[in-house]
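Please keep the structure in view while reading.

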Amino acid sequence: MSRIVFICLAAILTDALTWAQLNVEPNTALLNEGDRTELLCRYGRSINYCRIEIPGEQKVLNLSPEWSKTPGFTYFGAGLTAGQCGVSIERVKATNNGQVKCSLGVEGEELSGTIDLVVALRPQQPIIELLSRPNREGYFNEGTEFKARCSVRDGRPPANISWYIDNMPANKRTTPLEVMSSTSENVELSTSVQEIQWHLSPEDSNRKLVCRSHHQTDRESVPPQEAAYIINVRYAPVHQPDAAVYGLYLEHTAIVNITIRASPQPKIEWTIDGAVVGQGRTDGRYSAYEPQYLGNDEYNVTLAIAGLTLEDTTKIYNLRASNELGLTDYQVRISSSSKPPSSSLDVAAIVGIVVAVAVLVLVVLLIVFARATGRWCFGGKSIKTPTNETQSDKQLELETQQQHGQNVALLETPNGITLLGANKLREANGNGHDRLSVERRHHDEDDSFEYATDRESSVYNPTTRPLKSILMSQAAGRYSRHSTSDKDDGNENADLLQKGNQLGIPESRFSRWLPKDQRELIEKQAMLLSGRGTSKAPATPPKPQRPQIGEATKAANATNSTNSQTTTTTTTTTTPTTPKLPQETEI
């Protein structure tokens, strides 16, 4: 129980102390001369009076919200009853720099607080002091350790320092910033000091070293202050890679120019095929000119060659430049080419390569596509989509090939197109003889549905062998049922079927049409070979309607049933053996 009471008392005491504590806002005020500012001291209880002392002011300010007796200084805060005591300064003066003291009367006692008021003073112009001395002419030799110090005096607060070389950060070794305080006429001021050092090189010659100060008083209208020093370095002629001069004209005076860096001015000497030509001299076709100063320690060196020859472009021209600090040799090559050879690909070449690769990839893709789909140059192996009609035809042809193992070519005769062999059907008549089933198609009947082409433009299909005389005669209706002898006819059929390709039709495994004139010539040759070329062709029957696959099969069966009655569409052979028909061959 006692422990709980102790904790409660401690909390009450802490709250009371916090409530009775005097706070100031801000703790430090950094201002420029002429700025306006507000300073506030605050207490947690009601106060009786508010008194403020400002450095540089002769009297103490007794402030209240109800009155204002001192011009330029007024009460600032929520009121005395709120425990606030503040002052608003219209314009801060340099003499106001220091500690502002506020005094608050609280129940018969006085509480005090302080605020640091810093009125910034712009420092003096920076000064660069050389710690390493140049020679009498103000030059440093190459490799000398350069040291310099920058001082920014009498600033409040202290100024910061940064180093630049030609408006770029120096990135050299510097010492830490040192700040030294001093008092002048009861005013405390600060001085900032920093040093920089590095070893000089030819690139440092004629460069500007800048010490720049940064201070509270800097504004957009008042830029930072700085000091500068130009560094002069003496050095031997600077070595550089072999030079090449292009665009010279043969049989003309060639001017060879090369730019070198040196300090002081160098002396020039050319060596061509062992001959030495000094500056300002002429030796034969070669003339060496005096170096011309271009600025920033750069000199233009010129060699003139009268009547430039092709042999001159194969020579190496040696140049020696020297001054009091050393000498350097250079090699110069000349060419009549308009521009130097490119060691890397330019944008146009890269674009060309990309386009060529893209075209190559496109060609490969097109070839793969054509090969897969059987187009263009791969069109010889066409892909046929099977249909009900073609599937029925293929099935019928396959059954025939399984029975006989061969096909017989078809040909158009004067009586019409005769279909033989591909759907050859063997039937046994009453005497036990085989019978060839023949279907005749007329001239004006459209048969392009079977061969998928135009019969007038490119003619004919099915196999590799021509019609034999006996089959063509049968197709043309040349044999009748009044033939002299079935046995002689069978022998004649076999003899004709075993003959070679007498009509000259090229062998092919694919469907083929023949031109109309060639087709007629082959028909005449067939009739002459059959011995019936003088027979008169029967009149062309009217064009029948194209039957469907089922109807064609029924028509074939009907034709077989009336085979003994119609001599113009069927014929009977007496040969007991199957004629040997030529086999299909591939191209």
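1. The disulfide of cysteine 50 and cysteine 85 is right-handed, because the torsion about its S-S bond is about 70 degrees. The sulfur atoms of cysteine 50 and cysteine 85 lie 1.5 Å apart; a disulfide here is a pair of cysteine sulfur atoms within 2.5 Å. This pair links distant parts of the chain, with cysteine 50 in strand 4 (residues 49-53) and cysteine 85 in strand 7 (residues 84-89), 35 residues apart. Strands are DSSP runs of E, at least two residues in length, numbered from the N terminus. Both cysteine 50 and cysteine 85 are buried, where buried means under 20% relative accessible area, computed with a 1.4 Å probe on protein chains only.

2. A word on the basis of these values. This is a predicted model, in which local features need pLDDT of at least 70 and side-chain atom pairs count only at pLDDT 80 or more, while totals for chains, interfaces and linings use all residues. Residues are numbered from 1 along each chain as its sequence is written, and side-chain values use heavy atoms, with hydrogens and water left out.

3. Cysteine 41 and cysteine 102 form another disulfide, with an S to S distance of 1.8 Å. The link of cysteine 41 and cysteine 102 is left-handed, with -100 degrees about the S-S bond. Distant parts of the chain are linked by this pair: cysteine 41 belongs to strand 3 (residues 37-42) and cysteine 102 to strand 8 (residues 98-106), 61 residues apart.

4. Cysteine 150 is joined to cysteine 211 by a disulfide, S to S 1.6 Å. Its torsion about the S-S bond is about -70 degrees, so the disulfide of cysteine 150 and cysteine 211 is left-handed. Cysteine 150 is in strand 12 (residues 145-155) and cysteine 211 in strand 18 (residues 207-214), so the pair ties together parts 61 residues apart in sequence. Cysteine 150 is buried, because its relative accessible area is 0%. For cysteine 211 the relative accessible area is 0%, so cysteine 211 is buried.

5. How many disulfides does the rule give? The count comes to three. With bonded cysteines counted along the chain, the disulfides of the protein follow the pattern 1-4, 2-3, 5-6.

Key: Helices (H or I, at least four residues) and strands (E, at least two) are DSSP runs, numbered from the N terminus. Buried means under 20% relative accessible area, exposed over 50%, partly exposed in between (1.4 Å probe, protein chains only).
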